[in-house]
Every structure is written in C-alpha cells, then in structure tokens.
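The following report describes a protein chain by its local features and then by its overall form. Please read it alongside the sequence and the coordinates.

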Amino acid sequence: IPREAHHQNRHQPVKGTAMQLLTFRHHDGYRLGLRTERGVIDVRAASAALSDALGDVALPESVTEFYQGGSEFLEGLRHLQQASAQVDGDWLLAESSLRFGPAVPVPNKIICVGLNYRRHAAETGMPAPTQPILFNKYHNAIAASGDTIPLPGIAREFDYEAELVSVMGRVARDVAESEALDYVLGYCNGNDITARDLQLGTSQWMLGKTLDKFLPLGPYLTTADSIPDPQNLGVRCWFNGELRQNSNTSDMIFSCAQIISYISRHFALLPGDIISTGTPEGVILGMPEKRWMTAGDHVRIEIDGLGSLGNTMG
C-alpha cells in the first residue's frame with residue numbers, strides 16, 4: 001500500500017512533457033517501458049545504465065512500484081526520457097519486438113461504471129441513471145493487448161464494450177469535482193467484455209463481468225497531461241473490421257471528474273486504482289438482431305491519444 005504521506009499537499013497536476021508508458025513481458029516478469037520516437041526505453045535497465053546522469057531522481061524498480069507510487073515517479077521518468085534522448089544502449093527496444101502486458105497489470109481496485117452514456121442507455125431501453133452505477137471486476141479479468149480472450153462454455157452471449165479507463169496517481173479522499181482530475185495519473189483503452197446472459201441472469205452483474213481476461217487494458221498508459229479534456233475524446237470499436245462503436249466521451253452522463261469525486265466521497269482511491277468509465281452505443285446488446293461474439297472474432301478499440309487495443313476471442 002502506498003504511503004499516503006507522500007501524496008499529501010500535492011494539489012496541482014504534475015507539469016512537463018507528456019508521456020506514454022507500457023508494460024511488456026520480459027523473461028523475469030513484467031517490465032515498465034517508456035515509449036519515445038526512438039523506441040521503447042526499458043526503465044529498469046536504462047535507470048541502471050544512466051545512473052550517473054540521472055543523479056538521485058526517484059525511479060521505479062518495477063511496474064508494481066510505479067503504479068503504487070503513481071504521480072510521484074513522473075518527474076523521474078521525464079528526467080530519464082531527457083537523459084536517454086541522445087544516448088544508445090541495449091535498454092532501447094523496438095516496440096515491434098515486444099509482447100505487451102496489461103497497461104496496469106495489478107490494479108489495486110477495479111471500479112466500473114454502468115450505463116454512463118446517454119445513447120447507450122437509450123439503446124438498451126434502460127432509463128439514464130441519476131447517480132453513477134458502480135460495479136467491480138477482479139484481477140483475474142485483467143488482460144493485455146494481443147491476448148486471446150477465452151470464452152467459457154458457461155455462457156454464450158458475449159459482448160464488447162469500448163471504455164475510457166482512468167488510472168489514479170494519488171490518494172483521493174473526499175475530493176471536489178473541480179480538483180478530481182489532478183489525481184489522475186493517466187488514461188488507457190479498456191474493453192469491458194461482458195457475458196450478457198450471466199450479467200442479466202440476476203440483479204448482480206458480477207458473474208457476467210469478471211470472467212477470466214474480461215478486461216483487456218492498453219496498449220499504453222497516456223499521462224494525464226496529454227489529455228487536457230477527457231470529456232472530448234473519440235471512442236471507436238471495430239468488430240471483425242466493422243466499425244460498431246463511434247462516439248465521444250462528451251456523451252457521458254457522469255464525467256470522469258464527477259465519477260472520481262463521487263467515489264472518493266464513499267471510499268479512498270489509491271494510486272493504481274482504475275476506473276472504467278462506461279461504454280457508448282453500438283454494443284451487441286442494443287442491436288435488433290444479435291450475433292454474439294464467438295471464438296475467432298476480433299475486437300479493436302481506439303480512443304483518441306491512447307493507441308489501439310486489439311484482442312481475438314478464443
């Protein structure tokens with residue numbers, strides 16, 4: 001658990017060059033990568049190789065440490081980006097050579113928001129909520145871009161849901177809506193895959209939502225300073241090459257800031273917590289003729305500035 005004292009009295013967003021971070025698979029586990037025009041910096045290897053130039057700046061030893069520390073590591077990562085700009089080393093990797101891990105491989109909490117787009121609520125025939133509808137997923141649901149998503153025989157009505165995911169960078173407890181975005185580390189693509197027959201079989205949605213690998217995240221975490229207005233982002237989802245979802249986060253009923261403030265009034269949000277903020281219209285559930293996802297189907301999700309998240313169903 002991160003030490004709350006490290007995050008107290010920081011009420012301004014960290015300024016500096018925007019960054020994209022990623023998790024990649026290495027023989028010793030997940031590694032944190034910093035995406036640049038020259039390639040992907042292996043943060044752990046580059047930190048050791050460039051230690052003289054970096055001095056005593058704080059850099060994470062692992063992906064887990066990065067997300068537990070959150071925003072406190074951004075300054076150090078920017079120093080690393082600058083120190084590596086004119087230097088070559090085996091810590092600079094071609095992105096095409098990497099196998100992605102989940103953008104946030106071990107989130108502390110996974111909080112999801114249901115029916116949070118006006119046109120999506122309309123297509124499902126459900127009334128727009130008057131307060132955020134929250135549910136949860138668990139760590140078993142986390143997956144990476146490029147992973148095959150197993151569709152278990154216990155269900156048959158499998159659906160995609162393109163979602164903007166907010167990743168927390170600081171402890172947020174009872175924060176005002178006007179300050180809520182200052183607590184965000186960054187944003188990533190998410191696919192809130194759902195087994196509709198399990199979701200709607202009872203009043204509780206959990207079984208239909210948190211099957212294994214039912215929340216791919218990635219490929220990148222884009223730092224919050226790259227996304228000045230998370231309520232003006234295009235959200236697109238292709239199903240087997242056909243554009244199915246084509247909307248904008250401006251259609252959200254509750255904004256990212258409102259959701260963070262609302263949750264923080266009930267319990268603390270910590271660095272590494274993720275909030276999947278809901279899906280726009282265009283899901284299979286809302287179609288007159290429903291052809292649910294089956295093995296071999298491919299889903300690709302793109303939200304402005306966050307890269308392309310792709311997965312094949314298995």
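Phe-73 is placed in the loop that runs between helix H3 (63-69) and helix H4 (74-83), where helices (H or I, at least four residues) and strands (E, at least two) are DSSP runs numbered from the N terminus. With a relative accessible area of 4%, Phe-73 is buried; buried means under 20% relative accessible area, exposed over 50%, and partly exposed in between, for a 1.4 Å probe and protein chains only. Apart from neighbours within four places in sequence, Phe-73 is in contact with Ala-58, Leu-59, Pro-60, Glu-65 and Phe-66, contact being defined as heavy atoms within 4.5 Å. Val-113 is 40 residues from Phe-73 in sequence, and the C-alpha atoms of the two are 28 Å apart in space.

The model is a predicted one, in which local features need pLDDT of at least 70 and side-chain atom pairs count only at pLDDT 80 or more, whereas totals for chains, interfaces and linings use all residues. Residues are numbered from 1 along each chain as its sequence is written, and side-chain values use heavy atoms, with hydrogens and water left out.

Asp-159 belongs to strand E9 (residues 158-159) and is buried, at 0% relative accessibility. A polar atom of the Asp-159 side chain lies 2.9 Å from the backbone nitrogen of Ile-284. When neighbours within four places in sequence are set aside, the residues in contact with Asp-159 include Asp-192, Ile-193, Thr-194 and Arg-196, and also Val-283, Ile-284, Leu-285, Trp-292 and Met-293.

Helix H8 (residues 256-264) is largely enclosed by the rest of the structure, because eight of its nine residues are buried. The buried residues in H8 are Cys-256, Ala-257, Ile-259, Ile-260, Ser-261, Tyr-262, Ile-263 and Ser-264. They pack against strand E5 (110-114), strand E6 (133-136), strand E10 (162-168), strand E11 (184-191) and strand E17 (274-276).

Some backbone angles also deserve attention. Most residues other than glycine have a negative phi, and most peptide bonds are trans. The peptide bond from Gly-218 to Pro-219, however, is cis, with omega near 5°, and Pro-219 sits in the loop between strand E13 (215-217) and strand E14 (221-223).

Along the principal axes, the C-alpha trace spans about 60 × 40 × 30 Å. Of the 314 residues, 57% count as buried, and among contacts between residues at least 6 apart in sequence, 76% join residues at least 24 apart.

The protein chain carries 26 positive and 36 negative side chains, and the centres of the two sets lie 3 Å apart; Lys and Arg count as positive and Asp and Glu as negative, while His and the chain ends are not counted.

Conventions
The place of a charge is taken as NZ of Lys, CZ of Arg, CG of Asp or CD of Glu. A polar contact is a pair of N or O atoms within 3.5 Å; within protein, one must be able to donate a hydrogen and the other to accept it, and residues adjacent in sequence count only if both atoms are side-chain atoms.
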